Amino acid sequence: MDKVKPKSLISWLLFDLANTVYAFVIPGLYFSVWLVSEKGWTDQQLGFATSSAMIIVAILGPWVGRKSDGSEGKKRLLLLMTIMCIISTFLLGTFTVQISVLLFVISLIGFNLGSVVYDALLISVSTEENRGKISGMGVAFGYIGSLIGFGVATVLQNFGYSYVEIFRSVAILFLIFSLPAFIFIEEKFVSAEKVKISILNSLNVVIKSWKHTRQYKGLTRFLVGRFFYADAINTLISGLLAVYLVEEAGLTPADSQNILALAIVISIIGGYIFGKAADKYGPRKLILISIFCWIISLSLAIVATEFDQMWLIYVTGVLGGFNIGGIFAVDRVFMTRLSPEKHLGEFYGLYSTVGRFATILGPILWGLIVNSLGLGRNVAMGSLILLLAKYSITLLNVSSALIMIPFLSHSKVS
């Protein structure tokens, strides 16, 4: 492909920064704490709200991805989804709690469907030789966005502003940092044909896309296996980790935010290191390393709360932060290596569907264990460890030869 222009790459990186401001501040921390700690909703109710959004994303993801593979490209759809997320985020807390939860659901839908086409734009700003490095840079920029969002929210709180002002500041930051993507990214079009698929046929698109993955060696197995780690990690970052730190570990909201801020700083380093290493050693090995470290991290959190060893919570924050940056940098590289460019949007739709379906079941499982069965949050955390272990076993069963085979003569896997 032609050399990528710096302004195109920087704009793509800035969008990662922009949407991670939202991901960290809204579902990851402040909205979830506002809803549970201030408004009295339960973990289970928060889980149901998140899951309802993910059901819609799981159904529409492949449709959005398939549309983005056509001649109209990805940027138009990304703009539409971003506007949806920004407006609904700006209005959070403005009306009743119930309406705010509905707006939260809409913002999650816009954010997640936008991620489908944003991730697929990776091929427009990188080459096969540096894709891991660029993906890692995107994750690093993303977590810089988390620091910016956290910093702005902290300043607002210190000056006595409410959660509503924090929500609005996130919407404004998302708008500012996302604008360059729609102006300067030079998209690599993979088709000259306009894709005409009714949104009413989205379920049919999901089914056809799953069947389509069977034509590409290792792709179906990777997507199925990805469910298990996505279930664990997405359950935590949907807001339940912030609740866990406050309600189970007994930390103050300020202490919880400090740990998460530490994790964010470490994740910037992890994203870059893992992404660069993926170009040299291959993404499969790096995913396995990250999953193993995640298992250790969550196990330490259980030990910390069960035996009152709160210093271990900080170890968990460092280890978890390093690996959340790492795994998000590496797995989308694996996805691009297993998928042909002309169908990348379509398959990223399935990639998103897998992750969102996991986010549907994860919070429901967490709420069932914590609220319905009354077994506590540490048992719920243990269930996530089992899911991570299952993913490791699934990926280990994927022959390493799969990632050494050229795919249909157009894509080399290393």
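Mentor: In this predicted model, helix α5 packs against helix α6 (residues 163–184) at an angle of about 145 degrees, and the two axes lie 10 Å apart. The crossing that α5 and α6 make is right-handed.

Trainee: Which residues in α5 and α6 meet?
Mentor: From α5 there are Ile-148, Val-152, Ala-153, Leu-156 and Gln-157, and in α6 they meet Tyr-163, Glu-165, Ile-166, Ser-169, Leu-173 and Phe-177.

Trainee: How do you know that the span of α5 is close to what is expected?
Mentor: Helix α5 covers residues 131–158, which is 28 residues, and it reaches 41 Å from its first C-alpha to its last, whereas 40 Å is expected at 1.5 Å a residue. After α5 comes Gly-160, which has a positive phi, near 85 degrees.

Trainee: Why is Lys-74 called buried?
Mentor: Buried means under 20% relative accessible area, and Lys-74 has 4%, so Lys-74 counts as buried. This residue lies in the loop between α2 (43–68) and α3 (75–90). Setting aside residues up to four places away in sequence, Lys-74 touches Ser-68, Asp-69, Val-117, Ala-120, Leu-121, Glu-187 and Gly-345.

Trainee: Why is Glu-306 called exposed?
Mentor: The term exposed calls for over 50%, and Glu-306 has 51% relative accessibility, so Glu-306 counts as exposed. Glu-306 is found in helix α10 (residues 283–306).

Trainee: What makes the pairing of Glu-306 with Asn-378 a polar contact?
Mentor: The cut-off for a pair of N or O atoms is 3.5 Å, and the side chains of Glu-306 and Asn-378 make their contact at 2.7 Å, so the distance falls within that limit. Glu-306 and Glu-248, which are 58 residues apart in sequence, have C-alpha atoms 9.6 Å apart in space.

Trainee: Which residues have the most contacts inside the largest nonpolar core?
Mentor: That core has 125 residues, and those with the most contacts inside it are Trp-12, Ile-26, Tyr-30, Phe-31 and Met-381. Helix α1 (residues 6–38) gives the most to this core, with 19 residues. Leaving aside neighbours within four places in sequence, Met-381 is in contact with Leu-236, Tyr-244, Leu-298, Ala-301, Ile-302 and Trp-366.

Trainee: How many helices and strands are there in the protein chain?
Mentor: The protein chain has 13 helices and zero strands, and buried residues make up 60% of its 414 residues.

Note on methods
Residues numbered from 1 in each chain as written. Predicted model: local features only at pLDDT ≥ 70, side-chain atom pairs only at ≥ 80, totals over all residues. Heavy atoms only, no water. Helix = DSSP H or I, 4+ residues; strand = E, 2+ residues; numbered from the N terminus. Buried < 20%, exposed > 50% of the residue type's maximum accessible area, 1.4 Å probe, protein only. Polar contact = N/O pair within 3.5 Å; in protein donor to acceptor, adjacent residues only side chain to side chain. Contact = heavy atoms within 4.5 Å. Expected span 1.5 Å × (residues − 1). Core = buried A, V, L, I, M, F, W, Y, C linked by side-chain atoms within 4.5 Å. Axes fitted to C-alpha atoms, helices over the stretch in contact; angles between N-to-C directions. Left-handed = near helix turned anticlockwise from the far one by under 90°.
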